[in-house]
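Visitor: I have a chain to go through with you. Can you put it up and take my questions as they come?

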Amino acid sequence: NFDDDVTLSLDNVPAGVTVEPASPVIHRGDSDAKLTFKAGDEAPLGDFQIKVTGHPTEGADAQIEFKLTITAKDSFT
């Protein structure tokens, strides 16, 4: 139940990983935003701590961290 839009920024995203949408926003009245992470072939394998900062139109920023795990994709030859 946000009163204003909240712009999200992501830090510590590994090289070779893209995030869609590129400029995520939690819109007024929504409670979440959907993000899709895509790891390219050059993305490093392992666990990474991603920091998300929410910046509302008014008021203080909020931050949260979560773990992103990149594993080798299965290949069947």
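This is a predicted model: local features need pLDDT of at least 70, side-chain atom pairs count only at pLDDT 80 or more; totals for chains, interfaces and linings use all residues.

Visitor: What is the secondary structure of the protein chain?
Guide: The protein chain has zero helices and six strands, in the order β-β-β-β-β-β. Helices (H or I, at least four residues) and strands (E, at least two) are DSSP runs, numbered from the N terminus.

Visitor: And the overall dimensions?
Guide: The C-alpha atoms fill a box of roughly 50 × 20 × 15 Å along the principal axes. The radius of gyration is 15 Å, whereas a compact globule of 77 residues would have one near 11 Å. That radius is taken over C-alpha atoms, and the globule rule is 2.2 Å times the number of residues to the power 0.38.

Visitor: How much of the protein chain is buried?
Guide: Buried residues make up 19% of the 77 residues.

Visitor: Which residues make up the largest nonpolar core?
Guide: Five residues: Val17, Ala43, Ile50, Leu68 and Ile70. A nonpolar core is a set of buried Ala, Val, Leu, Ile, Met, Phe, Trp, Tyr and Cys residues joined through side-chain atoms within 4.5 Å. In soluble globular proteins, nonpolar side chains tend to be buried together.

Visitor: Take valine 17. Where is it, and what is it in contact with?
Guide: Valine 17 is in strand S2 and counts as buried because its relative accessibility is 11%. Leaving aside neighbours within four places in sequence, valine 17 is in contact with Phe37, Lys38, Ala39, Ala43, Leu68 and Ile70. Contact means heavy atoms within 4.5 Å. The C-alpha atoms of valine 17 and alanine 39 are separated by 4.4 Å, though the two are 22 residues apart along the chain.

Visitor: What about leucine 45, buried or exposed?
Guide: Leucine 45 counts as exposed because its relative accessible area is 55%. Leucine 45 lies in the loop between strand S4 (36-39) and strand S5 (46-56). Beyond four places in sequence, leucine 45 touches Ile70, Thr71 and Ala72. From leucine 45 to isoleucine 70 the C-alpha distance is 4.9 Å, across 25 residues of sequence.

Visitor: Backbone next. Which residues does the cis peptide bond join?
Guide: The cis bond joins glutamate 20 and proline 21, with omega about 0°. Proline 21 is in the loop between strand S2 (17-20) and strand S3 (25-26).

Visitor: What is phi of asparagine 12?
Guide: Phi of asparagine 12 is near 70°, a positive value in a residue other than glycine. Asparagine 12 is in the loop between strand S1 (6-11) and S2, and counts as exposed at 52% relative accessibility.

Notes
Residues are numbered from 1 along each chain as its sequence is written. Side-chain values use heavy atoms; hydrogens and water are left out. Buried means under 20% relative accessible area, exposed over 50%, partly exposed in between (1.4 Å probe, protein chains only).
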